[in-house]
Amino acid sequence: MTESPDIAHLVAPPEGSRMHHPDFVFGVGTSSYQIEGAAREDGRLPSIWDSFCAAPGKVARGENGDVACDHYHRWAKDVDLLAELGVDAYRFSIAWPRVMDAEGRPNPRGLDFYKRLADRLAERGIRAFVTLYHWDLPRHLEDRGGWLNRETAYRFADYADLMSRALSGRVAAWATHNEPWCAAYLGYGNGHHAPGHTSPRWAAQAMHHLLLGHGLALPALRANDAEAQVGLVANIAPGYPASDSPADRRAAELFETYQNAWVLDPLLQGRYPEAMWRLWKGCEPLVLPGDMDTIARPIDYLGLNYYSRSVLRAKGDDDFDWVRQPDAEHTTMDWEVYPQGLQDILESFGRQYPKLPPIYITENGMSSADVMAGGADDAAAEEAVDDVQRQHYLKRHFAACSRAMDKGIDVRGYFIWSLMDNFEWAWGYERRFGIVHVDFDTQRRSPKRSALAYAEYLRQRKARVGAR
Ligand code: FCB
């Protein structure tokens, strides 16, 4: 996977960046439901995403993760691809419904899949960053209330215990949850994601149980896998006022409360932000004594997923509206490209949270309409998709991260979302986030030019270390 050496500059962090340091971790990410397929194999139980996809009108074109990237069968080749990319680390998630039966007993066939994957990564010198919950809750737990049921938090801790025993010594970093905001709000608040409920009060209660599950899982993760780091991954976005008016500035603050502090305050300060319940009056979750201490147990790192910013205008006293920036650059998700937001938000967390742990940027990337030239048998198909916008996107976000590091923010690594095009939730397969193109008819993987540039950058970085 090489092209001419000068391709590295297409994505490389700026000259002198601390990200060039050999200890800085560069990786790519995926998640189980988005890539594995094999939805009914080897004893995998149904998940809430299987049901959500089957419900009419929930997912674009009625698509689902039954096959996805067929990674469950192609995992060994996919590890080869990672090795060719030369990444230091690979972030993936475990499908909870694959590894435990409805009685909570281990499913050896499911466990073996992840053991083999972790072993192969280790053989290739690629560190495993493992997420336990990237949204595919076993359906039998949803049938008993899902994250609205406090019991689910305890079942999650059992699952964390099982996995950290099974993979002990093979994982560099565990993340309990991926993006509790999405699991709680999109899943229970606006219904855009599984399980598809639409109540802010439920979203607040689901959030509480997700965070509780995180805290309850920590002791087992530490006890079973003492060498690994443990943390959580949150999606974050900075809010900017649409005007200088005090009302709009308050609106931007309120947005940040709902988008960021709703998750980070409990984790890092042991309390929910009061302003949250100005936005959602009367939606405070039921919190039992001791819960907030459990949630705020120390973590080794915080994973942050950054894609875009929001611009807000006041709507009454305690609400806001989004203001689209029509002249700005957008991706095919219609997300504004705003690299400066990454620097701004990292620095603002540095000011807000005295106990901010070391950071990994666990997701950053963009979707574009990447079309392979020619058909599958065509010689032109050998040519890499030239995803210029993505190359430029990555380079500018790396630079923003670098600037935040220069200002003293302790960022330890950066994972591009995603290794390959995959099932983008309610948007289905059309939104392509991969640095590797996937032809979903043939399952052929073809590195896009961003992947070639990233690989070349990583190769040069290694060569420099070797030359020292
Ligand atoms: C994040 C999710 C990830 C992917 C990206 C585009 O919210 O964690 O699975 O869908 O967005």
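**Entry 1: ligand site**

I began with Trp425, where a polar side-chain atom lies 3.0 Å from an oxygen atom of the ligand. For a polar contact I took a pair of N or O atoms within 3.5 Å; within protein, one must be able to donate a hydrogen and the other to accept it, and residues adjacent in sequence count only if both atoms are side-chain atoms. I then noted that the protein covers 95% of the 290 Å² of accessible area that the ligand has on its own. Accessible areas are from the Shrake-Rupley method with a 1.4 Å probe, and for residues only the protein chains shown count as cover.

This is a predicted model, in which local features need pLDDT of at least 70 and side-chain atom pairs count only at pLDDT 80 or more, while totals for chains, interfaces and linings use all residues. Residues are numbered from 1 along each chain as its sequence is written, and side-chain values use heavy atoms, with hydrogens and water left out.

I looked up two further side chains at the ligand. His134 places a polar side-chain atom 2.8 Å from a ligand oxygen atom. For Asn178, I read 2.9 Å between a side-chain N or O atom and an oxygen atom of the ligand. The residues around the ligand (a heavy atom within 4 Å of it) include Gln34, Trp135, Glu179, Tyr307, Glu363 and Trp417.

Where does the ligand sit? I found the ligand in the largest pocket. A pocket here is an open set of points on a 1 Å grid over the protein atoms alone, where a 1.4 Å probe fits, with protein on both sides within 12 Å along at least five of seven lines. Sitting in a pocket requires more than half of the molecule's atoms within 2 Å of its grid points.

**Entry 2: backbone**

Most residues other than glycine have a negative phi, and most peptide bonds are trans. I listed the exceptions.

Trp135, one of the residues around the ligand, has a positive phi of about 85°. Trp135 is in the loop between strand E3 (127–133) and helix H6 (139–142); helices (H or I, at least four residues) and strands (E, at least two) are DSSP runs, numbered from the N terminus. Trp135 counts as buried because its relative accessibility is 6%; buried means under 20% relative accessible area, exposed over 50%, and partly exposed in between (1.4 Å probe, protein chains only).

Ala38 has a positive phi of about 45°. I placed Ala38 in the loop between helix H1 (32–35) and helix H2 (48–54), and Ala38 is buried because its relative accessibility is 6%.

The peptide bond from Trp417 to Ser418 is cis, with omega near 15°. Ser418 belongs to the loop between strand E11 (411–417) and strand E12 (436–439). Ala194 and Pro195 are also joined by a cis peptide bond, with omega about 5°. Pro195 is in the loop between helix H8 (180–189) and H9.

**Entry 3: single residues**

His214 is in helix H9 (residues 200–224). Is His214 buried or exposed? I logged His214 as buried because its relative accessibility is 0%. Leaving out residues up to four places away in sequence, the contacts of His214 (heavy atoms within 4.5 Å) include Phe156, Thr176, His177 and Leu267.

Phe129 is in strand E3 and is buried, at 4% relative accessibility. Beyond four places in sequence, Phe129 is in contact with residues including Tyr90, Phe92, Tyr360 and Phe415.

Asp406 is in helix H14 (residues 388–406). Asp406 is partly exposed, with a relative accessible area of 48%.

Terms used. 1 Å grid on protein atoms, 1.4 Å probe; cavity = no way out; pocket = protein on both sides within 12 Å on 5 of 7 lines; lining within 4 Å.
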